[in-house]
Each structure stands twice: as structure tokens, then as C-alpha cells.
Amino acid sequence: MSTLTRQKTNTQLTEPPMYKVLLLNDDYTPMNFVVQVLQRFFAKSLEEAERIMLEGHERGVALAGVYAFEIAETKVTQVEMVSRQEGYPLKCGLEPT
């Protein structure tokens, strides 16, 4: 007669690595377009979008948000695609937190 034993395993879930989505300032993209991008793709209020846009204008780069990699990558793609469609050189990038 054989005996079956069940081995208990501990599975721990870990949070996915997070990435900063950064908007890079340029001399050609209008400020109001950057504000619209922040509202549309990052769900920022008008006041918050204006603050972030001004930070990018003054410092050269601004934090738009922090997301899991796949979400951050999608947002970068969306921002750059709509920027090109509108004829602007707005750049967006990722950086690990």
C-alpha cells in the first residue's frame, strides 16, 4: 500500500517593477498640446497638467506618471504616435523607478 503526501508550496506574489513615463521638452511642441496629452493619456486635471508642462518647460523633463512596464510602454507609444500625427516632435521616454 502506498501513501501519497502533498507538499505545500508557498507562492508569494510580487509587485511588478514600475517605470516612470517622462515627457521631454522641445522648442516646437506647443504648451497647450502638452497639456492636452497629459489630460488625455495620463488622466491629469487641467491644473496638474499645466504644472507638469511648466516643470518640463523649465527643467527639460517632467514626470507624467509611474506605471507597470506594459502600461508605461503603451503610453509612450500613444503619446509619440499622436504627436507625430499632429506634426510635433514631442518625445516621451521610460525609466525604471
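R51 is partly exposed, with a relative accessible area of 46% (partly exposed sits between buried, under 20%, and exposed, over 50%, using a 1.4 Å probe and protein chains only). Its side chain meets that of E55 in a salt bridge, 3.6 Å from N to O (a side-chain nitrogen of Lys or Arg within 4 Å of a carboxyl oxygen of Asp or Glu). Keep in mind that this is a predicted model: local features need pLDDT of at least 70, side-chain atom pairs count only at pLDDT 80 or more, and totals for chains, interfaces and linings use all residues. Residues are numbered from 1 along each chain as its sequence is written, and side-chain values use heavy atoms, with hydrogens and water left out.

**Salt bridges**

- Searching the whole structure turns up 3 salt bridges.
- E55 and R51 sit 4 residues apart in helix α2, about one turn of the helix (helices are DSSP runs of H or I with at least four residues, strands are runs of E with at least two, and both are numbered from the N terminus).
- K20 and E95 pair through their side chains at 3.4 Å, N to O.
- That pair ties together distant parts of the chain, with K20 in strand β1 and E95 in strand β3 (residues 91-96), 75 residues apart.
- K20 is partly exposed at 28%, and E95 is partly exposed at 35%.
- E48 bridges to K44, with the closest N and O atoms 3.8 Å apart.
- Here E48 is partly exposed at 30%, while K44 counts as buried at 18%.

**A buried lysine without a partner**

- K75, in helix α3, is buried yet has no salt bridge.
- The nearest side chain of opposite charge to K75 is E48, 12 Å away (Lys and Arg count as positive, Asp and Glu as negative, and His and the chain ends are not counted).
- Leaving out residues up to four places away in sequence, K75 touches F41, F42 and Y67 (contact means heavy atoms within 4.5 Å).

**Nonpolar core**

- The largest nonpolar core has 22 residues, and V21, L23, V37, L38, F42, V79 and L90 touch the most other members (such a core is a set of buried Ala, Val, Leu, Ile, Met, Phe, Trp, Tyr and Cys residues joined through side-chain atoms within 4.5 Å).
- β1 (18-24), α1 (31-42), α2 (46-59), β2 (61-68) and α3 (69-85) each put in at least two residues of this core.
- α1 makes the largest contribution to this core, with 7 residues.
- Setting aside neighbours within four places in sequence, V37 contacts F42, V79, V82 and L90.

- The largest pocket holds about 180 Å³ of space (on a 1 Å grid over the protein atoms alone, a pocket is an open set of points with protein on both sides within 12 Å along at least five of seven lines, and lining residues have an atom within 4 Å of a point).
- Its lining has 16 residues, and N25, D26, V34, M53 and H57 are the closest to the centre.
- β1, α1 and α2 each supply at least two lining residues, and α2 gives the most, with 4.

- A43 has a positive phi of about 55° although it is not a glycine.
- A43 lies in the loop between α1 and α2 and is exposed, with a relative accessible area of 70%.

Key: On a 1 Å grid over the protein atoms alone, a cavity is a set of points where a 1.4 Å probe fits but cannot get out, and a pocket is an open set with protein on both sides within 12 Å along at least five of seven lines; lining residues have an atom within 4 Å of a point. Grid points are joined across faces, edges and corners, and a volume is the space filled by probe spheres set on the points.
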